[in-house]
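Biologist: Please show me the model. I have some questions about its packing.

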Amino acid sequence: MTAPRICPTCGLRPVAHRKAKYCYNCRTRGSHTPPPCRRCGSLDYYTAGLCRRCHKGAPPLPDSCQRCDSWGLFKSAGGICAACLDWARRHPGEAECASCTRITSLNTEGQCRLCWRRSRSWARDPSDPDRLEAISGGHQLFFNGMEQRLALMVPPHRRPPPQHFRTRRTRSRRRPVLRPITAATHRQLVLFDIRRDYARVRTLTVPEPVLPELLESLEANCLQLGEQRGWTGDTTGAVNRALKLLLATQDTPGAPIEAGAVALLRELALPVQPTIDVLDHADFLTDNRTPAVITWVERKTAHLPAKIRSEIAEWADIMQNGSTVVPRRYPRSHRTTRNHLYAAMPALDSWATTRKSLREVTREDVVAVLPVGVTDRSEMLSGLRSIYQVLHGRKRVFTNPTTRMKVGMPATRTPVSMDVPVLRHLVSDSDPTRAACGTLLIFHGLRPLQLRRLSVTDVIDGRLAIEGRKILLAPHARAALNGYLAYREQKWPKSGNPHLFINQATAGRLTPVTGKWINKVLGTSAQALREDRILDEAHASEGDARRLADLFGLTVNAAQRYTATVDHVSFAEHQRRQGQSTESTDS
């Protein structure tokens, strides 16, 4: 049906009928009162003898259901909501309701749906003695579809587990075509910036995106990236559903999608990180996420005065992103930012009670808060010096109270060997991942970072290529690596991750595993295993620093830290006791 013609006089209402030139209000002759609808008798006349509800070309204004009077129903199924249609299907026939005397579909108890809802709600409250007599009273009206929405108001610990979002496939299964993507340069302003509630999608039908060719291009990028990284069909399908939902709910169709909006899809149990990877691969992503270290800094300094919080926030931003204006500064790692602030927090907590800003701190205040221990004293001063150097360069403080202040170097820690039963258990462990990581650390003393960044192609013909050096693998390490490679091929046969060690989270990506995961797999510190191997070599070579530097990539000063333990009395005593325990175990 084509859209009706608009009255040329008022420009608001449609013409009276197909052959008319004006609407009823603008007619020059004849009656100005529109007739009732010839289908339902309504006085809300629209055009062609029909009202707004019955005419298919009328705008979809909200209305109430003709049977249950629920508000918020748009034109569908002849003005009857889906719940009433289902009620009429389950209870065919019409009769007079014993409570409201309306002629409609009744259940086995002789009640219509509206009266049944009221009696059911009162039956949940047994303390009301007049609930049965009140059946003949008024009705509590409601919005359309609120029965399903009330399930979202249940406390989180009583909610059912999240269901996987499914959409109805309307297109063919042909392979999507990869086309160039041109992002929209304009932005549609919104009246309210409200967080989207994607949990409602479980009960609603997701409309098709405004730009279907954009969705096809993103699906082609998803398929291409999934083939490269070895994604399963379920992962690829879930990412495609997430892309369709994001495009269908955009305020500006064709604009790059923000990473914060993708994170909201966790409510539907859809994959977030793979979706972000696809959008980044298609250059259609705006990364507006706040770094985790900035969130951590805000949480740690929330109790400090406002000026100190703003100064620490500016320091953290420069540490994270660097600075291109004088004084220039390279970005630092998030670990450096955490260590400096963690060491400086006792001083900041002490000054927060007497100072409102860091510019009020003097040199005497810094000396007063420094701890007694040499290591703690050096670490706190390093953290405060980092903060004041940045703030003084940005002219947020007048002077740097930590200038020319010396507290000495932190105390060095003497490396200690590990127990032999622990090492033997790691080498002979039944877990192939743990055995492979343990043997590489125990026999070859790799750094934890080197272990994480090892690629599959670094293992060639029984040798391990690391940083330009080729290491001949020990027989135990070669057997452990062969067992792990077989396990990796069986569990993740299509993984495109080039790193040697992967897990469930990194199998579909190109990133290495974390150091925390390595320590969790080993059940101990990977650095402690490396130190044990270097310590053993230092005593086997009688303190040859050059040999340690060549084998393990150490500097001369780092190698001397291990050679200094060769004649250490306490270490010799520990070795003597360790040898006695080993002999007693073998006997």
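Modeller: This is a predicted model, where local features need pLDDT of at least 70, side-chain atom pairs count only at pLDDT 80 or more, and totals for chains, interfaces and linings use all residues. Residues are numbered from 1 along each chain as its sequence is written, and side-chain values use heavy atoms, with hydrogens and water left out.

Biologist: Which residues are buried in helix H19 (residues 545–552)?

Modeller: Helices are DSSP runs of H or I, at least four residues, and strands are runs of E, at least two, numbered from the N terminus. Buried means under 20% relative accessible area, with a 1.4 Å probe and protein chains only. In H19 the buried residues are Leu548, Ala549 and Phe552.

Biologist: Why do the buried residues of H19 line one face of the helix?

Modeller: Look down the axis of H19 and take the directions from the helix axis to the C-beta atoms. The buried residues line one face because they fall within an arc of 100°.

Biologist: What caps the N-terminal end of H19?

Modeller: A polar contact is a pair of N or O atoms within 3.5 Å; within protein, one must be able to donate a hydrogen and the other to accept it, and residues adjacent in sequence count only if both atoms are side-chain atoms. Here a side-chain oxygen lies 3.2 Å from the backbone nitrogen of Arg546. That oxygen belongs to the cap, Asp544.

Biologist: How are H4 and H7 oriented to each other, parallel or perpendicular?

Modeller: Axes are lines fitted to C-alpha atoms, for helices over the stretch in contact (heavy atoms within 4.5 Å). Angles run from 0 to 180 degrees between N-to-C directions. Helix H4 (residues 212–229) and helix H7 (residues 273–281) pack at about 110°, with their axes 9 Å apart. Angles of 65 to 115 degrees count as roughly perpendicular, so H4 and H7 are roughly perpendicular.

Biologist: Is Thr301 buried or exposed?

Modeller: Thr301 sits in the loop between helix H8 (292–300) and helix H9 (306–321). Not counting residues up to four places away in sequence, Thr301 touches Arg309, Ile312, Leu341 and Met345. The relative accessible area of Thr301 is 3%, so Thr301 is buried.

Biologist: What separates the C-alpha atoms of Phe142 and Asp69?

Modeller: Phe142 is in the loop between helix H2 (113–123) and helix H3 (146–149). Among its contacts are Asp69, Trp71 and Arg117. Phe142 and Asp69 are 73 residues apart along the chain, yet their C-alpha atoms are separated by 8.0 Å.

Note on methods: Buried means under 20% relative accessible area, exposed over 50%, partly exposed in between (1.4 Å probe, protein chains only). Angles under 35 degrees count as roughly parallel, over 145 as roughly antiparallel, 65 to 115 as roughly perpendicular and the rest as oblique.
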